[in-house]
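Q: I am new to this structure and would like a close look at a single part of it. Please keep the account plain.

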Amino acid sequence: MIDKINALREEIAALTAADAAEVEALRIKYLSKKGAVSALMNDFRNVPAEQKREIGQAINELKNFATDTINSLRESAGSGAAAAGALDLTRTAAPVRLGTRHPLSLVREEIIAIFRRLGFTIAEGPEVEDDWHVFESLNFAADHPARDMQDTFFIGRNPDVLLRTHTSSVQTRVMTTQKPPIRIICPGRVYRNEAISARAHCFFHQVEALYVDRNVTFADLRQTLLYFAREMFGPDTQIRLRPSYFPFTEPSAEMDISCNLCGGKGCSFCKHTGWVEILGCGMVDPNVLEACGIDSKEYSGFALGMGIERITNLKYQVKDLRMFSENDVRFLEEFASAR
């Protein structure tokens, strides 16, 4: 028995393996339940009683030796594979540079962070929508002229299925499924059938906000807008609200901020007015609340919406909207320090 143990020890000591697969094969051959070391343990029952202590100690030492040898072979095979993989002769000689966050993603996250500090939560919805959520529930009658302003992409021949033209459809989905108070921000991509140019694109990104509760007033809207503008563009930023029209808000307004390039003194960017338009807003029309199952006599609310590309233009002075979707690495590298 001792001779078998010694012979097996010499055999194990001479083992070699080129890769992990060979190491595993050796482990199975010597250390598995049907391996050579286990076979010796099965024969141990036939050893005379006076030899059991000596033989048992020898078998245990052999098992430990075999385990250490297999582990050493495994480490050697692993380090060899890693070393071989570390040298890639097909790799380019140029250094690999880290990627950067897209400017629209940077601005989107900054806008969301500002509204989160005011207690708003994120709400999202599908980009392929139906007419009710995009138009009808938002006070767009079937023959409403404002529908023509949306330049809608319809899906197939079904006039009820379309690509959403604004993220207001998310607001209606939330209002039909949740009870006030509602305080949400809705970021997302929207689509409009427009000619692509430096100032317009067939798809762009919006962030809209909605607050519905008891006793919500226009003063609440104005204070929210002022807080956002100063957090986004600096503490000296001023705002002004101009009367406007949107089917889903009444009264409605467009908000301008003091030009952050000239400080409101007038320059070519703000067309020498000192003001730059950034978003539309207003009090939620009672018809919209009623369409979504909310009692307009008990609740009121405000809504606002802005284009992320527009805010990014103001923040980083990007003059051509097409640059945001052309994946030009040279352009994206300019935002490396902002990530």
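A: The model is predicted. The residues of α9 that are buried are Leu221, Thr224, Leu225, Leu226, Phe228, Ala229, Met232 and Phe233.

Helix α9 itself covers residues 218-233, which makes 16 residues. From the first C-alpha to the last, α9 reaches 22 Å, close to the 22 Å expected at 1.5 Å a residue. Just after the helix comes Gly234, with a positive phi of about 120 degrees.

Strand β7 spans residues 249-258, and Ser258 is found in it. Ser258 has a relative accessibility of 13%. Buried means under 20%, so Ser258 counts as buried. Leaving out residues up to four places away in sequence, Ser258 touches Asp236, Thr237, Gln238, Gly274 and Trp275.

For a second case of packing, take α2 (residues 20-31) and α3 (residues 36-43), whose axes come within 4 Å and cross at roughly 5 degrees. Angles under 35 degrees count as roughly parallel, and therefore α2 is roughly parallel to α3. On the α2 side the contact is made by Lys29, Tyr30 and Leu31, and on the α3 side by Ala36, Val37 and Ser38. Four of the residues in this contact are nonpolar, one is polar and one is charged.

Notes
Residues numbered from 1 in each chain as written. Predicted model: local features only at pLDDT ≥ 70, side-chain atom pairs only at ≥ 80, totals over all residues. Heavy atoms only, no water. Helix = DSSP H or I, 4+ residues; strand = E, 2+ residues; numbered from the N terminus. Buried < 20%, exposed > 50% of the residue type's maximum accessible area, 1.4 Å probe, protein only. Contact = heavy atoms within 4.5 Å. Axes fitted to C-alpha atoms, helices over the stretch in contact; angles between N-to-C directions. Parallel < 35°, antiparallel > 145°, perpendicular 65-115°, else oblique. Nonpolar A, V, L, I, M, F, W, Y, C, P; charged D, E, K, R; others polar. Expected span 1.5 Å × (residues − 1).
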